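Morning, everyone. Please have a look at the structure on the screen, and then I'll walk you through it.

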Amino acid sequence: ERRWKQVRRILRNLAWCSATTAAKLWDVANELACDMEAGKKDGGNNIRLLVSYLAPLPTGDEKGTYYGINLRGTNFLILRARLQGKNEPVTELHKQEIAIPTAIMANADSTRELCDLIGLELSKFISQHSETDNEAQTRERKLGFTVSYPINEDPASSGIASKWNRLSVDDTVGKELVAEINEAFKKHGVDMRVFAVVNDTVGDLAGGRYYSKETVAAVSLGMGTNVSYIESPEQVLNEPSNPAETVINMEWGNFNSFNLPLTEYDTSLDAESLDPGNRIFEKLISGMYLGEIVRRVLLKMAQEAALFGDSVPPKLTIPYSLRSPDMAAMHQDTSEDYEVVEEKLKEIFDINDSTPMAREIVTEICDIVAERGARLVGAGIVGIVKKMGRVENRKSVITIEGGLYDHYRIFRNYLHSSVWEILGDEHSDNVIIEHSHGGSGAGSIFLAASQTHKN
Ligand code: ADP
């Protein structure tokens with residue numbers, strides 16, 4: 001009947017505007033590569049390149065017990081693990097999450113209090129988790145420090161976190177943090193020193209490098225998205241004697257291009273966001289936004305084609321009410337009558353009488369939105385490898401970390417297959433995508449391992 005025709009029309013239009021042909025993905029990849037080149041010279045474009053780390057990365061031979069701190073928006077993780085050298089798995093991984101009190105979080109000037117808390121909790125952690133590694137007692141303990149910059153819906157609650165937004169090697173804010181942490185360690189009798197505070201993707205890159213010398217970039221794909229890569233890897237990889245490596249944190253979420261397949265839903269999402277016109281790439285690919293795009297399509301279908309009956313379900317009008325784990329659950333529903341979709345529609349939007357046909361439409365929308373996002377990530381990865389001049393003749397390993405990649409199977413599959421599709425049979429073996437090791441925050445441990453070179 002008429003309303004299904006209208007639903008189908010909206011769906012077709014969405015698919016049409018979201019299309020990511022291989023040619024289009026190449027355009028995106030080339031443009032990102034160009035922007036990276038330009039960003040290096042004058043910084044006057046839409047992606048931001050920050051030199052974040054100038055020191056050796058792990059070689060993979062490191063052995064011993066290492067510590068890490070991963071500072072996140074509302075909490076921090078203390079980590080400890082034992083590395084056993086080449087090709088051996090990480091063992092004895094311990095993680096503890098500590099909440100940061102609101103009073104500290106909301107205040108941008110509370111660095112000292114925050115560091116004091118970190119020092120205190122770390123000293124407790126060390127005394128609670130004894131080291132089985134005999135050598136660890138005789139060696140100085142090593143600690144890596146990473147920061148995950150959180151995406152915040154409410155900027156008021158993120159006073160302190162927003163300070164660590166753009167850490168670079170010559171950054172005064174980062175130096176202040178390093179000094180305060182070392183001070184706090186002294187005060188609490190923690191026998192460690194922090195050398196650098198870096199973005200968590202730099203830690204992931206260190207982790208990738210520990211497992212493979214060919215690792216050239218680390219991508220985080222969770223609520224938000226970010227990338228770190230090694231500048232001039234040719235030089236670095238050909239010259240193992242060169243100890244320092246230049247790691248760039250590229251805020252690729254800021255990437256924008258006329259080639260991005262934007263729909264009316266993206267345009268309105270962006271216009272109503274806290275930072276219109278910014279982070280367009282991120283708004284197409286990251287976990288924070290995928291569900292919201294789907295919700296906007298559903299709302300249009302409810303309003304213009306009575307997808308869920310004659311009245312529009314009120315909860316469907318609430319922004320960001322559909323989160324990506326729920327979207328993934330609906331998308332991956334393989335039951336005959338889409339029972340998971342039915343359940344989720346009830347739970348999230350109070351929709352109690354969805355028809356099987358409407359539920360099928362929901363999964364199709366999820367598919368279009370996830371496929372586009374994942375394929376754009378694939379194009380971004382190819383763009384980075386292209387910029388490094390490694391597509392044709394070198395193997396490149398890209399390590400990926402983050403909840404979206406970890407848990408959204410179909411998204412992950414689309415991402416992998418897009419890279420194969422873009423590169424074709426001839427070159428696709430040159431780009432290897434690996435899941436990061438040790439999970440969220442574990443990069444800090446590998447960063448600690450890099451420090452052994454210094455001694
Ligand atoms: P961060 O919030 O620092 O990015 P994570 O890397 O753990 O932390 O990613 C969490 C994000 O991953 C969630 O906000 C969500 O967007 C996404 N995510 C988590 N689980 C799932 C899932 N099952 N399906 C789809 N996306 C998920």
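First, a term: two residues are in contact if their C-beta atoms, placed from the backbone, lie within 7 Å. Next, helices (H or I, at least four residues) and strands (E, at least two) are DSSP runs, numbered from the N terminus. Axes are lines fitted to C-alpha atoms, for helices over the stretch in contact, and angles run from 0 to 180 degrees between N-to-C directions.

What you see is a predicted model: local features need pLDDT of at least 70, side-chain atom pairs count only at pLDDT 80 or more, and totals for chains, interfaces and linings use all residues. Residue numbers start from 1 along each chain, as its sequence is written.

Two strands pair if DSSP finds at least two bridges between them. The sheet is open, with mixed pairing, and its order is E4-E3-E2-E5-E6. Strand E4 (91-99) and strand E6 (197-199) are the edges; each has a single partner strand, so one side of each lacks a neighbour in the sheet. From one strand to the next, the twist averages 25 degrees.

Now look at strand E2. Residues 63-71 form E2 and residues 75-84 form strand E3; they pair in the antiparallel sense over nine bridges. A hairpin of three residues joins E2 to E3. Tyr67 has Arg80 as its bridge partner in E3. Ile69 has Ile78. With E5, the pairing of E2 is parallel, over six bridges. There, Tyr67 stands opposite Leu143.

Is E2 enclosed or open? Seven of its nine residues are buried, so E2 is largely enclosed by the rest of the structure. Buried means that 20 or more other C-beta atoms lie within 10 Å of the residue's own; exposed means 12 or fewer, and partly exposed is in between, with C-beta atoms placed from the backbone.

Which helix lies across E2, E3, E5 and E6? That is helix H17 (residues 443-450), running at about 135 degrees to strand E5 (142-147).

On to the other sheet. Six strands form an open sheet, again with mixed pairing, in the order E1-E9-E8-E7-E10-E11. Strand E1 (48-55) and strand E11 (431-435) are the edge strands, and each pairs on one side only. Here the twist averages 20 degrees from one strand to the next. Strand E7 (residues 215-221) pairs with strand E8 (residues 225-230) in the antiparallel sense, over five bridges. Val219 stands opposite Val227 in E8.

Helix H14 packs on this sheet. It touches E7, E8, strand E10 (396-401) and E11, and its direction makes about 155 degrees with that of E7. After H14 comes Gly389, with a positive phi near 70 degrees.

Last stop, the ligand. How many residues surround it? There are 15, and the closest are Gly222, Gly287, Ala328, Gly403 and His407. A residue is near a molecule or strand if its C-beta atom, placed from the backbone, lies within 6 Å of it. Helix H11 (287-305), helix H12 (324-331) and helix H15 (403-407) each supply at least two residues of the shell.
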